[in-house]
Amino acid sequence: MELGKGNPQQIRQVLLFFVFLGGSLVCSETWRYSVAEETEMGSFIGNVVKDIGLGVEDLSARGARVIFDDYKPHLSLALQTGNLLLNEQPDREALCDLTEPCILHFQVLLENPLQFFRAELWVEDINDHTPTFTDKHIFLKISESTAPGTSFQMDSAQDLDVGKNGVQNYTLNPNPHFHLKLQDSEEGTKYPELLLDQPLDREKEPELRLTLTALDGGSPPRSGTALVHVLVLDINDNAPQFERSVYEVPIPENSPLDFLVVKVSATDLDAGINGELSYSFSHVSRDIQKTFEIHPISGEVRLKAFLDFELVQSYTINIQAIDGGSLSGKSVILVSVVDVNDNPPEVVVTSLTSPIPENSSPEMVVAVFSLRDPDSGDNGRMVCSIQDNLPFLLKPNFKNFYTLETESPLDRE
């Protein structure tokens with residue numbers, strides 16, 4: 001909302017009121033409640049009467065209600081008992097995706113007199129998803145001249161659960177040629193690498209089949225597998241090299257689908273099939289896989305889903321170029337999402353008193369409402385005002401909440 005042509009002194013008073021607002025309207029303590037995901041709808045979460053320090057009868061008398069920051073009714077308040085009850089069966093993955101901990105912020109609002117109590121609902125993860133590999137059948141082409149100690153990156157498994165319930169470990173079936181080593185990615189997750197223990201001999205064993213298993217930390221753990229098919233090839237002594245080790249690319253969040261993010265390029269000094277390159281992503285997250293795609297021949301990286309600065313501000317995309325002998329070169333694309341002012345301010349009225357008796361006392365609360373703009377920076381800054389010729393005052397309260405109050409006695413005539 002834009003500031004109207006109001007009296008500068010009135011505007012200054014509203015802003016100063018917001019800055020120097022006392023603590024009497026907002027309780028300094030934040031209550032914390034917790035619930036495990038998939039808990040049945042209607043389940044008891046807690047009782048607010050003890051925390052507020054009021055009688056149950058005061059809840060109805062003071063117009064108590066629960067307001068979540070996302071304006072969704074995750075909980076209901078039973079005014080007869082003060083109990084907080086689930087309005088829905090919570091799904092942590094749907095509510096918070098991979099964000100951990102999963103916290104839903106809300107306020108308990110008492111209208112008369114006006115008072116706010118801050119609270120949090122922590123949605124706890126349960127181990128209800130199994131690790132899965134994007135490719136169940138992984139092909140590796142490895143030259144027989146590859147030296148022992150050479151490593152080969154495997155794509156990490158994806159698990160919608162978080163924390164200890166996410167992917168914690170990988171195992172490889174026992175074999176004489178390879179063992180498994182775990183590496184830490186830049187996103188803080190682990191991904192597996194195959195390490196060659198002894199030279200391969202194509203004439204003796206032209207191919208190998210290995211089983212890669214991903215395990216989460218649940219009790220009991222869940223697991224997912226992928227078949228690693230190793231084809232042993234002849235000599236290839238040059239690995240691909242990217243023209244840049246890091247590609248930094250800014251993209252406006254309103255970019256269309258199929259938008260060209262960047263075109264990567266690598267070279268290989270080998271000839272024939274050993275010099276033919278294929279581009280692909282390397283151990284990237286599920287979110288990157290559904291947002292970007294890379295052409296295996298041209299190296300063009302394009303958008304396959306819309307960006308939203310308010311959800312994700314940047315992406316780190318690991319890419320690799322693999323030649324015909326399975327040697328690879330690595331690079332990184334750093335995508336920064338540029339904010340666009342694509343969200344108008346929202347006004348949500350939570351309480352409205354109408355009509356108003358003309359003998360109402362000054363400073364009577366007529367309406368309670370809040371403002372919201374998901375944009376960031378200057379695009380998300382909001383100013384609220386009303387006309388000058390009205391007998392009302394606009395007062396900011398807590399966290400973008402405002403009250404509209406009478407300034408002086410009203411006269412219907």
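I began with Cys-384, which counts as buried because its relative accessibility is 9%, below the 20% cut-off. I keep in mind that this is a predicted model. Next I looked for disulfides and found one in the structure. Cys-96 and Cys-102 form it, with their sulfur atoms 2.0 Å apart. I then checked the torsion about the S-S bond of Cys-96 and Cys-102, which is about 65 degrees, so I noted the disulfide as right-handed. Buried or exposed, I asked of Cys-96? Cys-96 is buried, at a relative accessible area of 12%. Cys-102 also counts as buried, with 1% relative accessibility.

I looked up how the chain is divided and got domain 1 (31–124), domain 2 (137–233), domain 3 (241–338) and domain 4 (346–406). Between the C-alpha centres of domain 1 and domain 3 I read a distance of 43 Å. The UniProt annotation, from an unreviewed entry, reads "domain: Cadherin" and covers residues 134–242 and 243–347. For residues 243–347 I noted 6% helix and 44% strand, and the end C-alpha atoms lie 50 Å apart.

I traced an open sheet with the order E16-E23-E22-E19 and mixed pairing. Which strands stand at its edges? They are E16 (246–252) and E19 (278–281); each has a single partner strand, so one side of each is left without a neighbour in the sheet. From one strand to the next the twist averages 25 degrees. I followed E19 to its pairing with E22 (residues 314–322), which is antiparallel over four bridges. There, Ser-278 stands opposite Ile-322 of E22.

I finished with E27 (residues 401–406), where six of the six residues are buried, so that the strand is mostly covered. A reminder to myself: side chains in a regular strand alternate between the two faces of the sheet. In E27, Phe-401, Thr-403 and Glu-405 point one way, while Tyr-402, Leu-404 and Thr-406 point the other way, and all are buried.

Then I listed the pairings of E27. E25 (residues 365–372) runs antiparallel to E27 and is joined to E27 by five bridges; Ser-370 has Phe-401 as its bridge partner in E27. E26 (residues 392–396) is also antiparallel to E27, over five bridges, and Phe-392 has Thr-406 as its bridge partner there. The hairpin of E26 and E27 has four residues between the strands, and in this hairpin I found Lys-399 with a positive phi near 50 degrees.

Definitions and conventions:
Residues numbered from 1 in each chain as written. Predicted model: local features only at pLDDT ≥ 70, side-chain atom pairs only at ≥ 80, totals over all residues. Heavy atoms only, no water. Pairing = 2+ DSSP bridges. Helix = DSSP H or I, 4+ residues; strand = E, 2+ residues; numbered from the N terminus. Axes fitted to C-alpha atoms, helices over the stretch in contact; angles between N-to-C directions. Domains from an automatic or database assignment. Disulfide = S-S within 2.5 Å. Buried < 20%, exposed > 50% of the residue type's maximum accessible area, 1.4 Å probe, protein only. UniProt positions renumbered as here; feature names shortened; annotations may be inferred.
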